[in-house]
Amino acid sequence: MTTRVPCEPDELRTLFLFEALTDEQLAVLCANGHVEDYPPGPICVEGEPATCLYVLLDGELSMAKLSGGQEIETNRTSQRGVYCGAWRAFTGQLQQQSYDASVYVTKPSRFFVLDAPAFARFMKDQFPMAVHLLDGMAVGQERTRRIIDNREKLLALGQLSAGLTHQLNNPAAATVRAASELRQRVAGMRQKLAMLADGTVSPEALRALVRLQEEVAAQVAKAASANMSAIETADAEDAVGEWLDGHGIEGGWDIAPTFVEGGIDTDWLERIAAATEELGASASLQKAIGWLTYTVESELLLNQILEASKRISALVADAKQYSQMDRAPFQVADVHELLRSTLVMFADRLGKDTGVQVVKELDRSLPEIPCYPGDLNQVWTNIIDNAIAAMGEAGGTLTIRTAREGENMVRVEICDTGPGVPDEVRERIFEPFFTTKPFGEGTGLGLDLAFNIVVKKHRGDLRVESKPGDTRFVVLLPLEAPPIVDMEPAE
């Protein structure tokens, strides 16, 4: 139980916070506030609505912040006059403010307690100019942060869009090229139909060729999933080329690579030869091979169009997964899928051609986590972008590692082999507007945004461990759903 008593202006004057106030100002404070005794226990809980300002009169308190799902004590003091709680109530909207730390009474203590609205009115009435200046500073910084934060997101989106466009261009170009060539093959097939008009192919021979054509088409479809080494392919082309040449097929060596790609080997050729012998003079082997060549070429081009279309669909699906366009803002998600979709967006900056090798060490036994997937993808984007930039033109290794952390956390590490983060920089790396990039190239809000998302929005932890050649950004995320937190405006 806590007990309330009226406050005395003379007692307030003994505190450094109020020592310069006039008698009238102290009287206003005492008229609106009170003194309250508190037993050991919490008086403020981080994240809950900020309703009161507390000023320590006697006793002891400790302050704690959430980190990695656990409370870390940041201060313990018995100094009279220290304050906590809704100390920022005179700026911004009261309904948007919450306690930014948890405060515990460690032994029986006395506090001067003032409701947040009363504190806000007192400050605005008694110190209007100071409040205007502080309001302007807070609002200006928040507006600047939002503008540059939006620009940071747009810049990242622009870079990723350029990479995605580059990736989409290859399969799209392959589709156009294959469709154009397919048009030519279809035109050639139409010419073959002229054989029906001049009677050079009998109906029986045509029916046999169509059956062969259907079997060959089925074989080409099977061959699409077969993988042959370069040596195996060369040997098969030699064997098919020799067979065709030995049977007097015009242009046999040119046809051989197409047949091998379509899965047509010498056994198939023997079957084709046997079928044409049964048909007699109405269907020569040369005509059958020519007919089937068009079939194989057309089916291979259809395979190319199908594979290119699948690639385009996969890239679009990855882009949707990354942006979470069709998802609820909060849901249960597979952290590996989020990381994978983000890496896809960076595909043009990763791989052997760029000098940046990607290594994945993933614990696939991890359960799905309750989270804001789109926001976490923004975290991965900012950290990976910084890692690639840190390694520079020399390249290096980007390692993505996941593991379980204790009973209730998932650990994600994004590591690079760059020069490392100096100690003096590491202390400020998550500060808003702090950047080590050249003037005009960095906003200093990428890691600040990541910190807000991980720590404030997910009740997790974000930290950096660095030495030359091994920099690790460690993200800890809880397996239990975090409370709903309004990130606008970010604190």
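Arg411 has Leu476 as its bridge partner in strand β14. That pair belongs to the link between β12 (residues 409-416) and β14 (residues 470-478), which run antiparallel and are joined by 8 bridges. Strands count as paired here if DSSP finds at least two bridges between them, and helices (H or I, at least four residues) and strands (E, at least two) are DSSP runs numbered from the N terminus. Keep in mind that this is a predicted model, where local features need pLDDT of at least 70 and side-chain atom pairs count only at pLDDT 80 or more, while totals for chains, interfaces and linings use all residues. Residues are numbered from 1 along each chain as its sequence is written, and side-chain values use heavy atoms, leaving out hydrogens and water.

**The sheet around β14**

- Five strands make an open sheet with mixed pairing, in the order β9-β11-β12-β14-β13.
- β9 (356-361) and β13 are at the edges with a single partner strand each, so one side of each has no neighbour in the sheet.
- Ignoring direction, neighbouring strands of this sheet are turned by 15 degrees against each other on average.
- β14 is mostly covered, with 7 of its 9 residues buried (buried means under 20% relative accessible area, exposed over 50%, partly exposed in between, using a 1.4 Å probe and protein chains only).

- β13 (residues 461-467) pairs with β14 in the antiparallel sense, over 7 bridges.

- α12 lies across β9, β11, β12, β13 and β14, and runs at about 25 degrees to β12. Axes are lines fitted to C-alpha atoms, for helices over the stretch in contact, and angles run from 0 to 180 degrees between N-to-C directions.

**Helix against helix**

- Two packed helices are described by the angle between their axes and the distance between the axes.
- For α12 (residues 373-391) and α14 (residues 446-457), the axes come within 9 Å and cross at roughly 140 degrees.
- That crossing is left-handed (the near helix is turned anticlockwise from the far one by less than a right angle; clockwise would be right-handed).
- Among the residues that meet are Leu376 and Ile383 in α12, and Leu449 and Ile453 in α14; contact means heavy atoms within 4.5 Å.
- By class, this contact of α12 with α14 has 8 nonpolar, 4 polar and 2 charged residues. Ala, Val, Leu, Ile, Met, Phe, Trp, Tyr, Cys and Pro count as nonpolar, Asp, Glu, Lys and Arg as charged, and the others, Gly among them, as polar.
- The axes of α2 (residues 23-32) and α3 (residues 116-126) come within 10 Å and cross at roughly 165 degrees.
- That makes α2 roughly antiparallel to α3 (over 145 degrees counts as roughly antiparallel, under 35 as roughly parallel, 65 to 115 as roughly perpendicular, and the rest as oblique).
- The crossing of α2 and α3 is right-handed.

**Spots with positive phi**

- Most residues other than glycine have a negative phi.
- Arg459 is not a glycine, yet its phi is positive, about 60 degrees.
- Arg459 is in the loop between α14 and β13, and is buried with a relative accessible area of 16%.
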